[in-house]
Amino acid sequence: MRAFRNGGGNCSSASMEDRRLWKHVHDNVHGNIYLDYLSLKFIDTEQFQRLRDLKQLGLSHMVYPGAVHSRFEHSVGVYWLAGNAIEKLKANQGSELDIDRSDIQTVKLAGLLHDVGHGPFSHLFEREFLPTVLNGSKWSHEDMSLKMIDYMVDEHNIDIDAGCLKKVKEMIIASSDNAPVKTSKEKLFLYDIVANGRNGIDVDKFDYIVRDSRACGLGCNFQFERLLDTMQVIDNEICYRAKEYLTVHKLFYTRADLHRTVYTHAKVKAIELMFVDALLKADNYLHISSFIHDPSQYWKLDDSILKTIETAEADELKESRDLIRRIRRRDLYQFCNEFTVPKDKLDHFKYVNTQDIICSQKSGDITLREEDIAVSNVKIDLTRGTNNPLESINFFKDYDSKEKFPISKDQISHLLPACNQDLIVRVYSKKPELVEVVSDAFENFQVKSYGMKAQVHGTPERKRRRMSL
């Protein structure tokens, strides 16, 4: 039986003065974090502790050695920032907004549990592996988070109010396509804090942008504290002071820069492509994809899959094992080249696949096959595709103002970008001796598609002429 109550269940949060009674941990980003009683009921479960075994940035640590932080610390960080955000709103507008203890606890739990259904190896599992092995799968970690929360409540008899639990789950998917329609009578601004479906400004991004930048040894001059300190609710929506327009822009720009510099780094993608191939070859034996339907099985799935394959002796895993050993020995798929899709082609761009490259090969001694090539189509945007997310944000003049309004970027600066999205096509040779052939075919594809070579420069001769030993 699920251990929640329809009315009087546990969903109240202790006041600021009671923090001395809470358990506290020291975080390398936010300092001391205080964990309330109900949150600890979820944290002290094997399902939540699983997040310690999921690296936040997946395989990026093989390029950025410091990027070994986990989804556990990120989730605790989002819990803390979610609490800070709603406490600040309560302090500034509490009587006006009718924020109560239940609201505070609900927002904090949403922050804590938003990634509890996340798959191994960052987003590689659901965006690369599952759609291939399950033919276009639309499975999402947000939906699994909802199933996992229900499972945790049942499995551990967690005493939580049914209404609170429902709101926690709705807040987690507030930015997804499956977000429930809310009425204007509800406190809609609460749904802007953890996963903001209106404009993308949320404490999830606040935490991972700062945490990921620090772990990778990169500078980060985005200051989320300024947004937390200056936000204000107007007409049931969290709005920001007009003078913080550039701070908001820096949030989206820094996120895009992390995507380009870290998350989609050419070498990181090469490693990811290899590991996806290893997972695909291992699935028939390990049945990895079968774990995604039942939370009682899914929580057992984490980054240890890599070590399981690497150390297994089964003949059925030999191809997968060989690929992982190639990764370990830095015998990676060879990056041949890339080009950025011209701006005037973005709207009608069709993702490039291996057949496109093979069909562009001119006659020669070697005929390329699909298993010789890997193609990566990388999309980097400011969270809204070709649209500017700042156009969805409302600002206010000063704290006495109750009027909200949008701001055009041209009112702020003419240096801000005119385009909000990059599409980058990268091609890799799975065998070092085929780099020259693959590179030539890729160049032919560009000329055929755009009437010119869109890449910045040719593939280096050193790499083109490399032959196997």
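Apart from neighbours within four places in sequence, D331 has M274 and R326 in contact with it, where contact means heavy atoms within 4.5 Å. The model is predicted: local features require pLDDT of at least 70 and side-chain atom pairs count only at pLDDT 80 or more, whereas totals for chains, interfaces and linings use all residues. Residues are numbered from 1 along each chain as its sequence is written, and side-chain values use heavy atoms, with hydrogens and water left out.

**Loop residues**

D331 is found in the loop between α14 and β7. Helices (H or I, at least four residues) and strands (E, at least two) are DSSP runs, numbered from the N terminus. The C-alpha atoms of D331 and K431 are 9.2 Å apart, although 100 residues separate the two in sequence. R330 belongs to the loop between α14 (318–328) and β7. Its phi is near 60°, a positive value in a residue other than glycine. Another non-glycine residue with a positive phi, near 60°, is F121, which lies in the loop between α4 (101–113) and α5.

The table gives the accessibility of these residues. Buried means under 20% relative accessible area, exposed over 50%, and partly exposed in between, with a 1.4 Å probe and protein chains only.

| Residue | Relative accessible area | Class |
|---|---|---|
| F121 | 6% | buried |
| D331 | 28% | partly exposed |
| R330 | 44% | partly exposed |

Two strands pair if DSSP finds at least two bridges between them.

Strand β10 (residues 421–429) runs antiparallel to β8, and nine bridges join the two. Within this pairing, D381 stands opposite Q421 in β10.

H24 has Y34 in β3 as its bridge partner.

**The buried glutamate**

E126 is part of helix α5 (residues 124–133). E126 is buried but has no salt bridge, and R127, the nearest side chain of opposite charge, is 5.4 Å away. A salt bridge requires a side-chain nitrogen of Lys or Arg within 4 Å of a carboxyl oxygen of Asp or Glu. Lys and Arg count as positive and Asp and Glu as negative, while His and the chain ends are not counted.

The side chains of E126 and H141 are joined by a polar contact of 2.6 Å. A polar contact is a pair of N or O atoms within 3.5 Å; within protein, one must be able to donate a hydrogen and the other to accept it, and residues adjacent in sequence count only if both atoms are side-chain atoms. Beyond neighbours within four places in sequence, E126 is in contact with H118, P131, W139, S140 and H141.
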